[in-house]
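Hi,

Here is the structure I promised to pass on.

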Amino acid sequence: ENWRYTAELRELQKRLAIVIQRLELTTSEIAVLPDNYVAAENTQLQDLPHGLFQTNSDWINLRDFTADLTTPAHDIGFRGHSVFMVFFHDPDGRKTGLDYLKRLNAVSPRFVDSDQPIAWQDLNPALPQFPTNSQWALVRRMCVIDIDGRIRPTHVTESIQMRTYLNIKEMYGTYTSLDGDQPPQHFDEFRMLRDTNAALNHIEPGQKDFISNNFPAGNEPFEWVPPDQMDKDQRIRTLQQCSGCHSGPGIYSINSFSRFLAGPPKYQISQLAEGDLDYEAMQITNWKYAQSNWKLLQSLLMQRK
């Protein structure tokens with residue numbers, strides 16, 4: 001029913017545009033923003049993946065060569081405010097990891113007819129699996145707006161979500177997130193603390209947060225809660241949120257490969273291969289420039305000149 005408050009919304013938009021403009025940074029200010037990932041490496045933060053951004057490290061930066069956005073669910077969920085990057089680590093090293101990606105991309109057909117109820121189960125069950133103890137990481141880096149009104153990616157890491165695969169089942173075998181004594185995946189997450197010079201913090205297993213925290217385009221935590229439930233804790237364990245969208249066995253849980261949640265077309269063939277650290281930043285920036293909310297912001301700012 002927002003149409004009832006059109007005038008109020010327009011006034012709020014104008015005021016927010018002023019706030020955004022006042023937060024614009026100069027080139028010098030952007031240059032001195034902290035590289036909090038390097039700082040976390042130097043402090044030996046527990047379980048932090050090392051060497052993510054190093055050239056030729058064992059962590060392979062990936063992109064989907066058949067799509068504009070490698071992680072569209074996260075990119076769109078954050079409305080293009082951050083850059084998301086995918087990394088793969090094979091326990092046997094970089095060369096073995098690259099060889100695995102080549103074998104994965106060579107499989108044909110990619111999809112098969114299936115009566116299974118879950119989207120990723122339409123994928124060919126003969127896809128090669130990566131080995132146990134493989135790791136996948138999703139890195140989110142901050143974007144800012146400069147004094148020329150352009151989006152500028154930074155080296156400030158907002159979060160790292162990492163999954164280590166301890167137990168990889170067959171695709172159509174029995175699979176649950178609590179499979180015996182050894183869970184299929186071990187989750188780690190590191191988040192930037194905004195009150196400590198952007199230091200990264202390791203999320204503890206029992207730590208809780210609101211379910212919409214990682215996808216701000218979704219429902220607000222209290223808008224959909226029945227009145228008789230308002231006095232209850234609406235938070236869930238942070239590390240449990242990942243399994244909701246990444247519950248498939250092994251490669252079938254990698255949505256940047258399966259394109260599950262990527263939107264139409266349903267059967268989109270992906271080609272995950274080594275990418276460039278700057279590529280995703282360029283793609284998400286171009287995507288954001290084409291969005292109606294960015295164009296609205298530019299229009300509001302032009303009215304002030």
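One thing to keep in mind while reading: this is a predicted model.

I started with Asp-75, which sits in helix 4, the run covering residues 72–77. Is Asp-75 buried or exposed? Its relative accessibility is 1%, and the cut-off for buried is under 20%, so Asp-75 counts as buried. Setting aside neighbours within four places in sequence, Asp-75 is in contact with Leu-69, Gly-80, Ser-82, Phe-84, Ile-284 and Trp-287. I also checked its spacing to Met-85, 10 residues apart from Asp-75 along the chain: their C-alpha atoms are separated by 9.9 Å.

Now for the overall picture. The protein has 305 residues, and 45% of them are buried. Its secondary structure comes to eight helices and nine strands. Of the contacts with a separation of 6 or more, 72% are between residues 24 or more positions apart. The accessible surface comes to about 16,800 Å², with 52% of that belonging to carbon and sulfur atoms.

Seven strands form an open sheet with antiparallel pairing, in the order 6-5-4-3-2-1-9. At the edges are strand 6 (200–202) and strand 9 (272–274), each of which pairs on one side only. From one strand to the next, the twist averages 35 degrees.

Within that sheet, I looked at how strand 1 (residues 59–64) meets strand 2 (residues 82–89): they pair in the antiparallel sense over four bridges.

Why call Glu-189 buried? Because its relative accessible area is 1%, and anything under 20% qualifies as buried. What does the side chain of Glu-189 join up with? There is a polar contact of 2.7 Å between the side chains of Glu-189 and Arg-191.

Cheers

Terms used
Residues are numbered from 1 along each chain as its sequence is written. This is a predicted model: local features need pLDDT of at least 70, side-chain atom pairs count only at pLDDT 80 or more; totals for chains, interfaces and linings use all residues. Side-chain values use heavy atoms; hydrogens and water are left out. Buried means under 20% relative accessible area, exposed over 50%, partly exposed in between (1.4 Å probe, protein chains only). A polar contact is a pair of N or O atoms within 3.5 Å; within protein, one must be able to donate a hydrogen and the other to accept it, and residues adjacent in sequence count only if both atoms are side-chain atoms. Helices (H or I, at least four residues) and strands (E, at least two) are DSSP runs, numbered from the N terminus. Contact means heavy atoms within 4.5 Å. Accessible areas come from the Shrake-Rupley method with a 1.4 Å probe; for residues, only the protein chains shown count as cover. Two strands pair if DSSP finds at least two bridges between them. Axes are lines fitted to C-alpha atoms, for helices over the stretch in contact, and angles run from 0 to 180 degrees between N-to-C directions.
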